[in-house]
Amino acid sequence: QVQLVESGGGSVQAGGSLTLACVASGYTYSTYCRGWFRQAPGKEREGVAGIDNDRGTMYADSVKGRFTISRDNAKNTLYLQMNSLKPEDSAMYYCAVKVGGYCDDSLDQAEYNFWGQGTQVTVSS
């Protein structure tokens, strides 16, 4: 029904910046909630940033002030601007959307019903 494709991952030095993009296709009508998640080897997947149509943005404490989530509705694209990157930001990053209902918590992975394949971010010191 909905397909999500992430791009923009890669390797960057600590302190650098990187922008991730997630392009949605298929039936994207009634998309109310969008988010970025990440998972490092040996760790659980965690919510990084979320954006809700009504309640705005939400960020994990670890990325507040450094990451910015945004969307371009005309392009069906979700973005994650990452600044002042740290080695601990290294992970596989996934975008996700919820279609057909509102989110109570845009950082809760259980809210979402469509996921991208992920894009790798590696931050070196």
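I looked up Cys103 and found it buried, with a relative accessible area of 1%. Buried here means under 20% relative accessible area, exposed over 50%, and partly exposed in between, with a 1.4 Å probe and protein chains only. I note that this is a predicted model, in which local features need pLDDT of at least 70 and side-chain atom pairs count only at pLDDT 80 or more, while totals for chains, interfaces and linings use all residues. Residues are numbered from 1 along each chain as its sequence is written, and side-chain values use heavy atoms, with hydrogens and water left out.

Entry: partner of Cys103. I find a disulfide from Cys103 to Cys33, S to S 2.2 Å; the term stands for a pair of cysteine sulfur atoms within 2.5 Å. Cys33 is in strand β4 (residues 31-39) and Cys103 in the loop between β9 and β10 (114-115), so the link ties together parts that are 70 residues apart in sequence. Strands (E, at least two residues) and helices (H or I, at least four) are DSSP runs, numbered from the N terminus. The torsion about the S-S bond is -115°, and I logged the link of Cys33 and Cys103 as left-handed. Cys33 has 0% relative accessibility and counts as buried.

Entry: the rest of the disulfides. How many disulfides does the structure hold? I count 2. Cys22 is joined to Cys95, with S to S 2.0 Å. Cys22 belongs to strand β3 (residues 18-26) and Cys95 to strand β9 (residues 91-99), so this pair ties together parts 73 residues apart in sequence. The S-S torsion of Cys22 and Cys95 is about 55°, so I put this disulfide down as right-handed. Cys22 is buried at 3% relative accessibility, and Cys95 is buried at 0%. With the bonded cysteines numbered in sequence order, I wrote the pairing as 1-3, 2-4.

Entry: Glu6. This residue lies in strand β1 (residues 2-7). I checked its contacts (heavy atoms within 4.5 Å). Leaving aside neighbours within four places in sequence, the contacts of Glu6 include Cys22, Cys95, Trp36 and Tyr94.
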